[in-house]
Amino acid sequence: MATPVGDDLIRPKRFRRGIDLGPPHPVIAQPIEEMPAPKLLHVPLKQHYGLRCEPRVHVGDQVRMGQLLGESADPMAAPVHAPVSGKVLAVADRLDPFGRKVLTVTLENDGRDEWVEPPREAADFMGRKISAMMRAIRMAGVVRGDGVPVHTRLSPPERPKAYIFLVGIPVVKPIRLLIVNALDAEPTQAVNRRLLVERPEDIRQGVDLFKKLAGVKHAALAIGGDLTASSAPVRAVVREGLTPVSVDLRYPVSQPHLLTTAITGREIPWPDGVPRDVGAMVMDLEAILAGLEAVRDGKPQVDRVVSVTGPEMTSRNLRVRLGTPLGDVVAFAGGAMDQAAKVVVGGLMSGWAQYDPAVGITKETRSVTVLGPQNLVRFTEQLCVKCGRCVGVCPMRLLPNVMTNFIEFSYFDEAVDAELFKCIECGCCAYVCPAKRPLVHYVKHGKAEVLAKRAGR
Ligand code: SF4
Ligand code: SF4
């Protein structure tokens with residue numbers, strides 16, 4: 001059976017919900033800089049959606065860069081590798097950026113960056129078997145910025161059984177269109193944008209690779225803001241089989257479900273649908289490049305780009321080793337955690353406030369924002385005034401007011417019935433709420449209570 005072309009799926013539809021967060025942040029103009037690896041790194045063994053990895057090193061071991069630190073049999077997990085060479089000082093629970101206690105490997109960097117196997121570009125990598133390419137991506141621990149391991153989203157349409165064999169997930173719906181996400185999740189993030197500008201040749205190779213892995217002939221490049229199809233960075237990567245599609249930059253349109261609808265005009269089936277249900281797969285540029293490095297160079301994911309911003313600092317985009325302490329990243333960018341009123345990892349709308357400067361950067365850390373007292377928003381326990389603004393902006397078409405009222409008074413089962421777990425914690429509802437109710441906090445609290453109850457805790 002011939003593979004469907006897929007470009008018939010490109011039917012852009014205006015994204016009308018969510019909110020307009022204003023013009024892009026100046027961080028989009030800052031080139032990516034290399035941050036030197038610090039002396040001490042804390043590498044969590046869970047930097048992905050699934051179960052945490054089991055450690056494969058012990059205290060006192062000498063490790064080389066790229067050496068396996070932990071792995072798991074869970075198909076939704078991704079292995080974790082050493083971002084530097086050096087000595088294992090500890091394997092113990094530490095806080096991660098989500099405030100969870102996660103088993104973490106603490107490494108003392110010897111400054112030599114000795115690889116267990118140095119990355120080496122293979123000229124004929126596109127000729128490898130698809131199963132070998134997918135295995136390389138899985139073994140390299142490549143994770144999308146939202147924590148989803150990349151290998152769990154790939155499967156050639158004609159090989160669903162091979163896919164089950166490789167990753168243990170029975171996915172049988174074919175992909176017809178690859179959506180290459182060159183947008184960033186929030187205005188203070190510029191990771192995909194900078195990669196689009198700085199690495200056009202790698203992007204062309206990476207898109208070809210992912211098209212082959214997904215078994216599609218066509219891809220759409222999602223762009224927005226001041227970038228159009230005629231902009232130089234877009235023209236540098238576009239060619240036959242990759243169509244640039246301009247998207248209205250209303251937050252949170254870059255979320256995979258919403259972006260799929262904005263590009264294809266098709267609604268994802270409610271309540272448990274995924275982009276694949278309408279024939280699409282969304283992949284961030286950073287994940288595509290990490291996948292390319294895994295297949296072409298044999299390089300595991302040991303670093304990532306992080307946008308660091310703050311009103312009192314020069315915004316920067318830094319390539320950072322995974323496990324680098326948050327305080328070191330802020331200091332390198334010219335700030336100080338102990339003088340900040342608040343430090344947020346992951347964007348101002350949907351991120352997590354941090355108080356421990358030793359928290360390690362993970363594969364899910366797209367940005368760090370340092371705020372002063374003048375930037376803080378104070379939430380209140382005021383009652384809902386029933387204005388309905390939160391309902392109007394919710395991109396998932398939920399009733400945030402109803403759901404959070406249930407949670408506030410501990411009616412958790414009712415909150416689940418109101419689709420609590422469909423909430424993507426984007427923060428739009430809390431942003432517009434005139435009563436300044438901590439709506440996202442209620443959502444997070446509600447989910448934690450329900451999950452604890454289900455686990456019998
Ligand atoms: S209820 Fe959830 S998905 Fe809807 S606006 Fe609020 S945080 Fe976003
Ligand atoms: S925006 Fe705030 S006050 Fe208005 S309905 Fe929603 S929760 Fe209530």
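Two strands pair if DSSP finds at least two bridges between them. Keep that in mind for S7 and S8, which are joined by nine bridges and run antiparallel. What you're looking at is a predicted model.

**The S7–S8 hairpin and its partners**

- Strand S7 covers residues 86-95, and strand S8 covers residues 101-109.
- Together S7 and S8 make a hairpin, with five residues sitting between them.
- Look in that turn for Gly-99, which has a positive phi of about 80 degrees.
- Then find Lys-87, whose bridge partner in S8 is Glu-108.
- Lys-87 of S7 also stands opposite Gln-62; here strand S4 (residues 62-63) is joined to S7 by two bridges, and the two run antiparallel.
- S8 has another partner in strand S2 (residues 40-44), and this pair is antiparallel too, with five bridges.
- One spot to check there is His-42, whose bridge partner in S8 is Thr-106.

**A six-strand open sheet**

- Elsewhere, six strands line up in the order S1-S14-S13-S17-S15-S16 to form an open sheet with mixed pairing.
- Which strands stand at the edges? They are S1 (32-34) and S16 (352-354); each has a single partner strand, so one side of each has no neighbour in the sheet.
- On average, neighbouring strands in this sheet are turned by 30 degrees against each other, if you ignore direction.
- In general, the strands of a sheet pair through backbone hydrogen bonds, and they can do so either parallel or antiparallel.
- For an antiparallel example, take S15 (residues 342-345) and S16, which pair over three bridges.
- Within that pair, Val-345 stands opposite Trp-352 in S16.
- Helix H3 (residues 191-198) lies across S1, S13 (303-309) and S14 (316-321), and it runs at about 115 degrees to S13.

**Two helices that pack: H10 and H13**

- H10 spans 400-408, while H13 spans residues 439-454.
- Their axes are 9 Å apart, and they pack at an angle of about 55 degrees.
- The crossing of H10 and H13 is left-handed.
- On the H10 side, the residues that meet H13 are Pro-400, Thr-404, Ile-407 and Glu-408.
- Their counterparts in H13 are Leu-439, Tyr-442, Val-443, His-445 and Gly-446.
- Sorted by class, this contact has five nonpolar, three polar and one charged residues.

**Around ligand 1**

- There are 15 residues around ligand 1, and Cys-394, Pro-400, Cys-423, Cys-426 and Cys-429 come nearest.
- Helix H12 (428-432) and H13 are the elements that give two or more residues to this shell.
- Which element gives the largest share of the shell around ligand 1? That's H13, with three residues.
- By class, the shell has 13 nonpolar, one polar and one charged residues.

**Around ligand 2**

- Ligand 2 has 15 residues around it as well, and the nearest are Cys-384, Cys-387, Cys-390, Asn-401 and Cys-433.
- Here, helix H9 (389-393) and H10 are the elements that give two or more residues.
- The class count for this shell is ten nonpolar, two polar and three charged residues.

Definitions and conventions: Residues numbered from 1 in each chain as written. Chains lettered and ligands numbered in written order. Predicted model: local features only at pLDDT ≥ 70, side-chain atom pairs only at ≥ 80, totals over all residues. Near = placed C-beta within 6 Å. Helix = DSSP H or I, 4+ residues; strand = E, 2+ residues; numbered from the N terminus. Nonpolar A, V, L, I, M, F, W, Y, C, P; charged D, E, K, R; others polar. Axes fitted to C-alpha atoms, helices over the stretch in contact; angles between N-to-C directions. Left-handed = near helix turned anticlockwise from the far one by under 90°. Contact = placed C-beta atoms within 7 Å.
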